[in-house]
Amino acid sequence: MKNLFPILMKNLMVLSICGAFVLLAACSKKDASSVVNPAITTVNKVAPDGFNYATNKTISVSISLLTNTDVPLNNIPVKVYFYQNGNIGEVALTAITNAQGAINTNLSVPAYIDTLIVDPSSLGLLHNAKVFLVGNTLNCTLGGTQGSKGNIAGTFSKEGHILFTESNYTTMGVGGTGAYFKSMGNADVNGRPLYLEPTGDVISSEMLSYISYSLPEGKSVPKLHPEFIANGAASNIDVTKTSNVWATFIYEGAGYRNTVGYYVYDTKNPPASAKDIDTIYTLLPNASMVNSDGSLKSGDKIWLGTFNAGKTIGFVLFADAWRSYQTFNTAAPAYYTNSNFNPEPTDSLKRHTVLLSNNGKYIIGFEDMNRTYASCDHDFNDVCIYASSDPVDAISTQAVQQLLVPTDSDGDGVSDAYDAFPNDPTRAYISYYPSQNTWGTLAFEDLWPVTGDYDLNDLVVSYRYKFIANSQNNVVEFYADYAPLAAGAVYYNGFGIQFPFKPSDVKIVTGQSAKNTYINLNSNGTEAGQTKAVVVPFDDYSNLISNPGKASILNTDMTKSKINGDTSHIYLQFNTPISQLSLGSAPFNPFVISNKRRTYEVHLPGQLPTDLADKSLLGTLQDASNASTNKYYLTKDNHPWALSFTVPFTYPIEGVDISKAYLHFLDWANSGGTLYTDWYSNTSSGYRNSANLYTK
């Protein structure tokens with residue numbers, strides 16, 4: 001059971017970086033206001049002045065989406081994903097581009113994060129771009145005349161993929177072709193053709209929106225638009241009058257370094273098999289974009305030649321055939337616009353391309369993986385090109401499907417394909433913090449302004465936020481879940497959150513768990529007497545988690561049964577949508593109400609008390625708060641009473657100092673947060689003493 005009277009921090013001499021702590025006389029726990037302020041002995045500081053023990057960092061996010069002629073792409077949803085140890089993780093941010101095609105906001109991420117994945121909904125742009133942080137800034141432009149720019153380190157899609165080889169090719173049952181391969185000309189070291197037209201095509205925002213709506217990323221064409229690949233739907237380019245024909249690169253979103261070729265035959269005498277093709281011309285040696293293991297740009301255009309009426313142009317994709325400017329893997333799987341050439345066992349799976357027309361342009365979208373594979377997404381947009389002709393009417397439209405025009409049922413500017421609320425103009429998307437499937441953790445000591453045993457388990461609260469925003473990225477409402485996990489104290493503590501906006505901005509708050517009378521509320525559910533909006537999810541943790549008839553200390557002793565509690569589900573709606581800047585950053589300003597004494601608040605270090613806190617307690621006993629230096633809720637030795645984590649946190653068992661459980665906690669603190677930023681998440685040897693952690 002926890003020592004109940006004021007004590008100094010346990011002797012830490014075994015850790016030379018923090019010096020010695022002097023013990024105070026021990027006594028039983030009681031109201032800290034009755035304890036005589038002891039003389040404070042000067043000792044070495046646990047952390048440098050100004051360090052507030054943040055395990056996360058706030059980064060500035062600057063994302064721009066542009067067409068290939070630098071026209072802004074507005075109303076495009078963008079998702080930013082966590083990236084760590086080579087894996088793409090949960091969504092860290094969802095937002096929509098403004099009229100300038102930009103997203104400018106702040107984002108709180110764990111301090112050890114150095115790279116994030118940026119993924120716009122629009123095709124034609126770099127997909128799953130790996131963007132590394134420079135300082136605390138994420139900056140990238142996707143699209144534009146340069147293809148993409150900023151702090152981009154490639155794409156997740158091209159990371160660690162398996163190269164096709166002669167040996168594993170044969171296991172797919174795909175035979176080689178007897179066609180003669182002919183290069184259209186030289187290419188640079190990245191596979192970008194040197195035979196491009198001097199002036200590329202303009203890929204308009206309208207065309208990108210049409211293609212994105214017709215072939216959305218990750219959505220199965222057989223399920224979404226089966227007519228695109230139905231029997232009888234055209235797949236090749238049939239020339240009906242003598243004309244020049246070009247192919248224009250639009251986009252690739254593939255994990256492979258694909259090669260695209262074309263072949264020509266008499267429309268009335270098609271080849272019976274791939275072996276009957278006379279010549280395959282290597283159109284795009286490496287159909288990969290700038291910053292995606294290639295150097296193609298949207299709008300790159302190639303003249304195929306002059307063709308007479310009665311000729312058909314077919315296309316073929318060789319999956320991951322590009323090796324270098326000197327090497328082409330002719331054993332790579334080949335997927336043709338002539339579906340009967342393809343390897344799948346049934347006609348319904350043999351189709352690997354769609355052909356969609358729009359204003360004289362014929363869009364060909366490829367699926368680059370064997371469609372019998374479970375990992376195939378069947379979205380037919382792994383590589384997208386279009387064919388065009390002069391004269392413009394020289395290509396047959398017979399049986400060619402039309403590119404779809406996006407719908408926006410609620411008129412908010414966001415296509416129904418990407419609108420989470422397609423029939424509600426006041427709502428457009430949902431975002432989460434820390435993420436949809438991850439809960440953050442808040443861990444408190446409750447004896448403030450007296451120090452305790454630093455096991456950081458007097459109250460442990462798990463939390464998650466769900467925000468509903470409109471197409472202007474303004475928040476309309478949000479849901480907040482708070483679940484007490486542990487109460488390693490005899491105090492019955494409450495829990496509150498202070499937000500940066502005014503109480504009058506709030507229309508209604510519901511979901512508070514209150515069984516006591518010491519919290520007074522305004523009519524909208526916010527706490528009365530506060531300049532900034534304060535919500536008290538529970539005024540006593542035992543409302544949600546308790547062990548009736550037994551000791552109040554819960555879930556900190558490994559020898560005792562674990563008690564499962566309930567969750568406070570808070571709902572908050574605004575009178576008018578509120579900007580991200582006005583909303584502030586989660587987890588906002590959480591605090592413990594110590595032992596149901598409303599004036600005793602325990603906050604995260606560096607956070608200010610609310611209007612209802614007793615300010616006269618600041619700077620007393622072991623608290624060294626000083627408004628003139630903006631120091632709050634830290635001891636003279638710069639030790640905190642609370643910590644916040646954007647991930648689930650395994651807290652120490654009862655009575656064990658956090659430094660005895662997490663062996664690099666003091667290294668991190670002493671460095672001012674520059675070393676061992678993963679001290680709490682890394683499970684490698686030397687990071688933690690598992691015997692001192694509550695793991696039930």
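**Exercise 1. Surroundings of Tyr53 and the nonpolar cores**

Task: Determine which residues Tyr53 is in contact with, leaving aside its neighbours within four places in sequence, and state which residues of the largest nonpolar core touch the most other members.

Solution. 
Step 1. Once neighbours within four places in sequence are left aside, the contacts of Tyr53 are Val46, Ala47, Pro605, Leu634, Asn638, His639, Pro640, Leu643, Phe665, Trp668 and Ala669. The model examined here is a predicted one.
Step 2. The largest nonpolar core has 115 residues, and Tyr53 belongs to the group that touches the most other members, together with Ile63, Leu283, Leu304, Phe315 and Trp679.
Step 3. There is also a second, separate core, which has 44 residues, including Ala533, Ile563, Ile578 and Phe588.

**Exercise 2. An open sheet of five strands**

Task: State in what order the five strands of this open sheet are arranged, and identify which strands stand at the edges.

Solution. 
Step 1. The order is β3-β2-β5-β6-β9, and the pairing is antiparallel.
Step 2. Each of β3 (87-96) and β9 (152-155) has a single partner strand; therefore these two stand at the edges, and one side of each is left without a neighbour in the sheet.
Step 3. On average, neighbouring strands of this sheet are turned by 30 degrees against each other, direction ignored.
Step 4. Within the sheet, β2 (residues 77-84) and β5 (residues 115-120) run antiparallel and are joined by five bridges. Val78, for its part, has Pro120 in β5 as its bridge partner.

**Exercise 3. An open sheet of four strands**

Task: Describe what order and what pairing the open sheet of four strands has, and find how many bridges pair β1 with β7.

Solution. 
Step 1. The strands follow the order β4-β1-β7-β8, and the pairing is mixed.
Step 2. The edge positions are taken by β4 (102-110) and β8 (148-150); each has a single partner strand, so one side of each lacks a neighbour in the sheet.
Step 3. From one strand to the next, the twist averages 20 degrees.
Step 4. Strands β1 (residues 56-66) and β7 (residues 137-143) pair in the parallel sense, over seven bridges. The bridge partner of Leu66 in β7 is Gly143.

**Exercise 4. The position of Ser243**

Task: Decide whether Ser243 is buried or exposed, and state how many residues separate Ser243 from Ser388 in sequence.

Solution. 
Step 1. Ser243 is located in strand β12 (residues 243-252).
Step 2. The relative accessible area of Ser243 is 2%. Buried means under 20%, so Ser243 is buried.
Step 3. Ser243 and Ser388 are separated by 145 residues in sequence, while their C-alpha atoms are 9.8 Å apart in space.
Step 4. Leaving aside neighbours within four places in sequence, Ser243 is in contact with Gly305, Thr306, Phe307, Ser389, Asp390, Pro391 and Ala394.

**Exercise 5. Salt bridges**

Task: State how many salt bridges the structure holds, and explain which parts the pair of Glu527 and Arg598 ties together.

Solution. 
Step 1. Side chains of opposite charge can pair when their charged atoms come close. The structure holds 14 salt bridges.
Step 2. In one of them, the side chains of Lys311 and Asp266 meet at 2.6 Å, N to O. This pair links distant parts of the chain, since Lys311 is in strand β16 (residues 311-318) and Asp266 in strand β13 (residues 259-266), 45 residues apart. Lys311 is partly exposed, at a relative accessible area of 29%, and Asp266 is likewise partly exposed, at 36%.
Step 3. The side chains of Glu527 and Arg598 meet in a salt bridge of 2.7 Å, N to O. Glu527 lies in the loop between β29 (506-510) and β30 (534-538), and Arg598 in the loop between β32 (589-593) and β33 (601-603), so the pair ties together parts that are 71 residues apart in sequence. Glu527 is buried, with a relative accessible area of 1%, and Arg598 is buried, with 10%.
Step 4. Salt bridges with shared partners join Asp424, Arg427 and Glu477 into one network. Within it, the closest N and O atoms of Asp424 and Arg427 are 3.1 Å apart, and Arg427 is buried, with a relative accessible area of 16%.

Methods. Residues numbered from 1 in each chain as written. Predicted model: local features only at pLDDT ≥ 70, side-chain atom pairs only at ≥ 80, totals over all residues. Heavy atoms only, no water. Pairing = 2+ DSSP bridges. Axes fitted to C-alpha atoms, helices over the stretch in contact; angles between N-to-C directions. Core = buried A, V, L, I, M, F, W, Y, C linked by side-chain atoms within 4.5 Å. Buried < 20%, exposed > 50% of the residue type's maximum accessible area, 1.4 Å probe, protein only. Contact = heavy atoms within 4.5 Å. Salt bridge = Lys/Arg side-chain N within 4 Å of Asp/Glu carboxyl O.
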